[in-house]
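The structure comes first, then the details.

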Amino acid sequence: MKKVILSLLVLLCAFSAYAQKKPKINTHKKAVIASIESKTDQLTALSDSIWSYEEVAFQETQSSKALADFAEAQGFKVTRGVADIPTAFTAEYGSGEPVIGILGEFDALPGLSQKTVPTKDPLHPGAPGHGCGHNLFGVASLAAATAIKELIEAGELQGTVRFYGTPAEEKFFGKLWMIRAGLFDDVDVCMDWHPGDETKAAVQKGLALVDFIVEFNGQAAHASSDPWNGRSASDALELYTTGINYYREHIKPTVRIHYHIQDGGQVVNVVPDYAKIWTRVRDTNREGMEKAWKHVERIAEGASIMADVDYKISLVSGVHEVLVNRTGAGALQANLEYLGAIEYTEEEQDFAKKIQEATQSEVLGIESVIEPMEETLENPMGGSTDVGDVSYVVPTIRLSATTAPKGTPWHSWAVVACGGMSIGHKGMVYAAQALSMTMVDLFEKEKLRQDIKAEFKKRKGDYEYKGIVPEGPPPIGAN
């Protein structure tokens, strides 16, 4: 009997210690968690629909409509076709301050169509696929906004919640035109997340970036009978890429230069009179990126002189690095720690390990931990996002939520496979809950908002934001 009593006391102490460690949350946070949980089936179906549409930049007609229709059905005021972009929209509920925004993306990537199996097997060969998880992104953010809308509608929270349906993140960076249209001017704080292979508050700034097209125009001629009458545009293109590749030795390790040849001539027996190449330059800050960008443009000029052809450079667009907000990230981190790590079944772990085997990654299974908040590095590597530009206009809090196993190559078929099955679905629901809990904090705590804004102002300093975007309307019909 004494042993039984002793065992019960040990269990009681252990439970008491756990209860003390588990932070308490208020009723509003419990409400948003429950709201999202109750909509899991709807959210999963919506995400799977967008996954199946496989729509690329500025062509996300079905995906945008599905999200906007869902928002209208939930009682939001939806404004479609904002910023002269047919697939961009806003969904708003409430009135007055604070105004809390949340971003949602939904475009796919070319050539990545994939079935929900852990080996490469296209669903529609050659078609696009959600290799960055954006089918999950837009849905989770809208779910978070919906949970907050319900609290505003019930009179529990005061202010305005606004969801931004933001297209073309993968190529043209649709948020740039939405910023230019003034759609973020009245926002106090904005929320953002992205699918990933870790769950953590995102506090790295990524890379600034610029995209531009270089076109060379020469003179066509017969490649054998009179090549001396020709001036080869493809010669200029090759000289241009050679110049870039020699330049790589003399750039800082943080700089990245990519190019994609879009037209190098049509047939072998004609001296090509036209060539076209898409170029991208990145660095960990805009200043470094601009220095490399301008030198690469000079290389294009030099190539045109050597090949005796004309050249033209056309700006596509460009993005800033992210202006990190650690104050906001700290609030998000506390909510992640309350929620705890995502739990996975044996079947999901098996799927994850097969993905890792197929992609020649270390076979660890899918990670089920909450990462501690990192130090913000001066020169982190990684990708780029037009969320960076939003973060220079309004303080922005960012989340990474696990939707694929550790080490999964991003922008690949493996991410598409996970995004259409339960691993992706769980990350989506988790993200929605973490985002909405943090939004509760933003609505309830004026001092938190003030502190977030103070950090934003300090980090931005006297820099005046100017988007890297050409004059005129967005390139809706471009490819």
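Glu348 counts as buried, at 5% relative accessibility. Its side chain still finds a partner: Glu348 and Lys426 form a salt bridge, with the closest N and O atoms 2.8 Å apart. Lys426 is partly exposed, with a relative accessible area of 28%. The model is predicted.

Glu348 sits in helix H10 (residues 346–358) and Lys426 in helix H13 (residues 422–444), so this pair ties together parts that are 78 residues apart in sequence.

## Other salt bridges

Side chains of opposite charge can pair when their charged atoms come close. Across the whole structure, a search finds 26 salt bridges.

One of them joins Glu198 and Lys406, at 2.5 Å from N to O. This pair links distant parts of the chain, 208 residues apart. Glu198 lies in the loop between E5 and E6, and Lys406 in the loop between E13 and helix H12 (413–419). Glu198 is buried, at 16% relative accessibility. That value is below the cut-off for burial, which is under 20%. Lys406 is partly exposed, with a relative accessible area of 24%.

Asp121 and Lys115 also meet through their side chains, in a salt bridge of 3.4 Å from N to O. Here Asp121 is partly exposed, at 29% relative accessibility. Lys115 is partly exposed too, with a relative accessible area of 32%.

Glu215 is buried and has no salt bridge. The nearest side chain of opposite charge is Lys312, 4.4 Å away. Glu215 does have a side-chain polar contact with Tyr274, at 2.5 Å.

## The largest pocket

The largest pocket holds about 1200 Å³ of space. Its lining has 48 residues. Nearest the pocket centre lie Cys132, His194, Gly383, Ser384 and His411.

Several strands give two or more residues to this lining: E5 (189–196), E6 (200–201), E9 (256–263), E11 (274–283) and E13 (396–402). Strand E5 gives the most, with 5 residues. By type, the pocket lining divides into 21 nonpolar, 13 polar and 14 charged residues.

## The cavity

How many cavities of 30 Å³ or more does the structure hold? There is 1. The largest cavity contains about 50 Å³ of space.

Which residues line the largest cavity? The lining consists of Ala202, Val203, Gln204, Val322, Leu323, Val324, Asn325, Ala329, Thr396, Ile397 and Arg398. Strand E13 gives the largest share, 3 residues. The cavity lining divides into 7 nonpolar, 3 polar and 1 charged.

## Recap

Strand E13 gives residues to the lining of the largest pocket and to that of the largest cavity.

How values were computed. Residues numbered from 1 in each chain as written. Predicted model: local features only at pLDDT ≥ 70, side-chain atom pairs only at ≥ 80, totals over all residues. Heavy atoms only, no water. 1 Å grid on protein atoms, 1.4 Å probe; cavity = no way out; pocket = protein on both sides within 12 Å on 5 of 7 lines; lining within 4 Å. Points joined across faces, edges and corners; volume = space filled by probe spheres on them. Helix = DSSP H or I, 4+ residues; strand = E, 2+ residues; numbered from the N terminus. Nonpolar A, V, L, I, M, F, W, Y, C, P; charged D, E, K, R; others polar. Buried < 20%, exposed > 50% of the residue type's maximum accessible area, 1.4 Å probe, protein only. Lys, Arg positive; Asp, Glu negative; His and termini not counted. Salt bridge = Lys/Arg side-chain N within 4 Å of Asp/Glu carboxyl O. Polar contact = N/O pair within 3.5 Å; in protein donor to acceptor, adjacent residues only side chain to side chain.
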